[in-house]
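Good morning, and thank you for coming.

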Amino acid sequence: LNGIFISDARRFPQPLVHVNPAFSRITGYAPHEVLGRDARVLEGPLTDPDDLALLERTVKRGGDLSITLKNYRKDGSLFHNKLSVSPVRDPKGRITHYINVIEDVSNQIEVKLKLIE
């Protein structure tokens with residue numbers, strides 16, 4: 001199950017302009033609750049600031065990134081979010097949007113942790 005959201009790179013702070021139904025199922029947020037807001041709505045106390053800094057640097061330079069973040073659903077529950085971010089460019093090469101794909105990988109992380117124990 002892959003959630004998709006599209007953010008507008010031409011506006012600060014890159015508000016969400018589209019989310020698919022899987023995004024809502026994963027995060028618990030209905031489209032009207034997140035459209036116009038930025039993806040920071042998913043961050044919380046255990047979201048690693050170093051991961052966020054890497055994400056911000058990559059976006060500023062117009063790169064692609066795949067990273068796993070600790071994020072939060074609308075109900076406050078933690079989930080491990082495998083996030084893939086890719087820029088969309090206009091014909092002149094300017095970034096207009098970012099396509100973001102999220103996947104809840106919490107179960108895979110839990111299994112790995114149990115195997116380590």
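**The loop between S1 and S2**

Gln14 sits in the loop that joins S1 to S2. Strands here are DSSP runs of E with at least two residues, helices are runs of H or I with at least four, and both are numbered from the N terminus. Before I continue, please note that this is a predicted model, in which local features need pLDDT of at least 70, side-chain atom pairs count only at pLDDT 80 or more, and totals for chains, interfaces and linings use all residues. Residues are numbered from 1 along each chain as its sequence is written, and side-chain values use heavy atoms, with hydrogens and water left out.

As background, most residues other than glycine have a negative phi, and most peptide bonds are trans.

With a relative accessibility of 25%, Gln14 counts as partly exposed. In this talk, buried means under 20% relative accessible area, exposed means over 50%, and partly exposed lies in between, with a 1.4 Å probe and protein chains only. Arg11 belongs to the loop between S1 and S2 as well, and Arg11 is partly exposed, with a relative accessible area of 44%.

Let us now turn to Thr96. For Arg11 and Thr96, the separation is 85 residues in sequence and 9.1 Å from C-alpha to C-alpha.

Which residues does Thr96 touch, leaving aside those up to four places away in sequence? They are Ser7, Asp8, Ala9, Arg10, Val88 and Asp90, where contact means heavy atoms within 4.5 Å.

**An aromatic pair**

The structure holds one aromatic pair. Phe5 and Phe23 form this pair edge-to-face, at 5.6 Å centre to centre and with 65 degrees between the planes. Rings of Phe, Tyr and Trp (its six-membered ring) pair if their centres lie within 6.5 Å; planes under 30 degrees apart count as stacked, over 60 as edge-to-face and the rest as tilted. Phe5 is in strand S1 (residues 3-8) and Phe23 in helix H1 (residues 21-27), so the pair ties together parts that are 18 residues apart in sequence. Phe5 and Phe23 are both buried.

**Glu33 in helix H2**

Glu33 is part of helix H2 (residues 31-34). At 21% relative accessibility, Glu33 counts as partly exposed. Not counting residues up to four places away in sequence, Glu33 touches Gly28 and Lys74. Glu33 and Ser77, by C-alpha atoms, are 17 Å apart in space and 44 residues apart in sequence.

**The protein as a whole**

How many helices and strands does the protein have? There are four helices and five strands, and along the sequence they follow the pattern β-β-α-α-α-β-β-β-α. The radius of gyration is 14 Å, close to the 13 Å that the globule rule gives for 117 residues, so the protein is as compact as a globular protein of that length. That radius is taken over C-alpha atoms, and the globule rule is 2.2 Å times the number of residues to the power 0.38.

Along the principal axes, the C-alpha atoms fill a box of roughly 50 × 30 × 25 Å. Of the 117 residues, 37% count as buried. Among contacts with a separation of 6 or more, 42% come from residues 24 or more positions apart.
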